[in-house]
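Q: Could you help me learn to read a new structure, step by step?
A: Gladly; let us look together.

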Amino acid sequence: MAAATARLLKHHARSGAWIEIHPGSPSQAPRAGWPLPRRTHCCIAQARITQGALLKKLIEATKDLVTEANFDCDATGISLQAMDSSHVSRVSLVLHTDMFVHFRCDRNVTLGINLPNFAKILKCSGNDDSVTLKAQDDGENLAIVFESEGQERVSEFELKLMDIDAESLGIPDQDYNTNVKMSSAEFQRIVRDMTVLGDTCSIGCTKEGVKFSVSGDLGQGNITLRQTNSVDKEEEAVTIEMDEPVELNFALRYLGFFTKASPLCPRVTISMSPDVPIVVAYNVGGEKDTEGAGSLSFYLAPKIDEE
């Protein structure tokens with residue numbers, strides 16, 4: 001009997017079916033249609049942010065410049081390093097764990113995401129909704145959950161993940177000769193006004209102030225902002241820290257992409273040094289010039305005059 005029972009259990013393991021085993025009835029056949037329980041996937045990373053509108057603004061600010069990118073999740077938070085298709089500009093997004101009300105990452109994981117598709121799903125959330133992101137060990141989908149403030153409405157979505165073959169990018173440490181802090185709305189307006197006249201903007205900085213210049217077929221224009229600390233609104237102050245004067249030329253098309261991040265923060269920091277990319281940085285989750293819980297930075301190589 002023991003040998004028959006062993007043979008029956010062995011047949012059961014190969015068939016992949018659940019059967020009822022009655023002692024003394026070794027010849028009973030397995031019951032068909034009883035599949036083994038389906039394997040459930042384990043959540044290996046989860047992040048919950050109460051400011052759903054902030055996440056929407058972050059993705060909206062980057063999706064037109066970078067359409068596909070890898071989001072790296074580890075114990076310190078979530079980060080993104082990517083270049084645009086022309087390899088002229090670079091995006092760096094860093095969200096520390098302080099950005100989230102709940103964050104856990106059991107092991108390092110990379111999520112390949114199509115940003116325009118991610119933005120479409122995020123538009124389904126309300127501005128006051130909390131957003132929870134869940135990554136499973138199968139690596140196929142990103143679970144996205146929206147919850148209203150009173151939790152009377154819960155929406156669940158899944159975004160298909162991508163296998164993006166992108167080289168790992170590192171941002172080199174760079175000390176910049178010039179740092180300008182100004183209103184992000186004012187910077188956006190200047191770039192928009194410059195675009196009317198040409199496609200290249202010259203940004204020059206001296207002790208007197210920062211000067212934006214453009215020249216094109218329609219004509220030319222200049223806008224100069226002088227350093228002002230005593231203004232009614234602190235957000236409108238212009239502060240300049242510089243070691244030596246600098247003037248570089250940049251493509252207005254890319255500067256226009258960068259200014260889409262203006263709703264993230266009332267202040268923007270512009271850093272320049274001769275012959276190195278300009279940095280346009282917005283703090284995320286902080287007030288005014290504070291570092292906050294994260295940052296969104298854009299890098300753009302200067303245009304070189306061809307003689």
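Q: Is K63 buried or exposed?
A: Buried means under 20% relative accessible area, exposed over 50%, and partly exposed in between (1.4 Å probe, protein chains only). K63 has 16% relative accessibility, so K63 counts as buried. Before we go on: this is a predicted model, where local features need pLDDT of at least 70, side-chain atom pairs count only at pLDDT 80 or more, and totals for chains, interfaces and linings use all residues. Residues are numbered from 1 along each chain as its sequence is written, and side-chain values use heavy atoms, leaving out hydrogens and water.

Q: Which residue forms a salt bridge with K63?
A: A salt bridge is a side-chain nitrogen of Lys or Arg within 4 Å of a carboxyl oxygen of Asp or Glu. Here the partner of K63 is E60, with the closest N and O atoms 3.8 Å apart. E60 is partly exposed, at a relative accessible area of 28%. Through shared partners, salt bridges join E60, K63, D64, K123 and K260 into one network.

Q: How many salt bridges does the structure hold?
A: There are 7. One of them joins E147 and R48, whose closest N and O atoms are 3.9 Å apart. That pair links distant parts of the chain, 99 residues apart: E147 lies in strand β8 and R48 in strand β1. Strands here are DSSP runs (E, at least two residues), numbered from the N terminus.

Q: Which residue in β4 is the bridge partner of M83?
A: Two strands pair if DSSP finds at least two bridges between them. Strands β3 and β4 run antiparallel, joined by 7 bridges, and M83 is partnered by R90.

Technical notes:
Helices (H or I, at least four residues) and strands (E, at least two) are DSSP runs, numbered from the N terminus.
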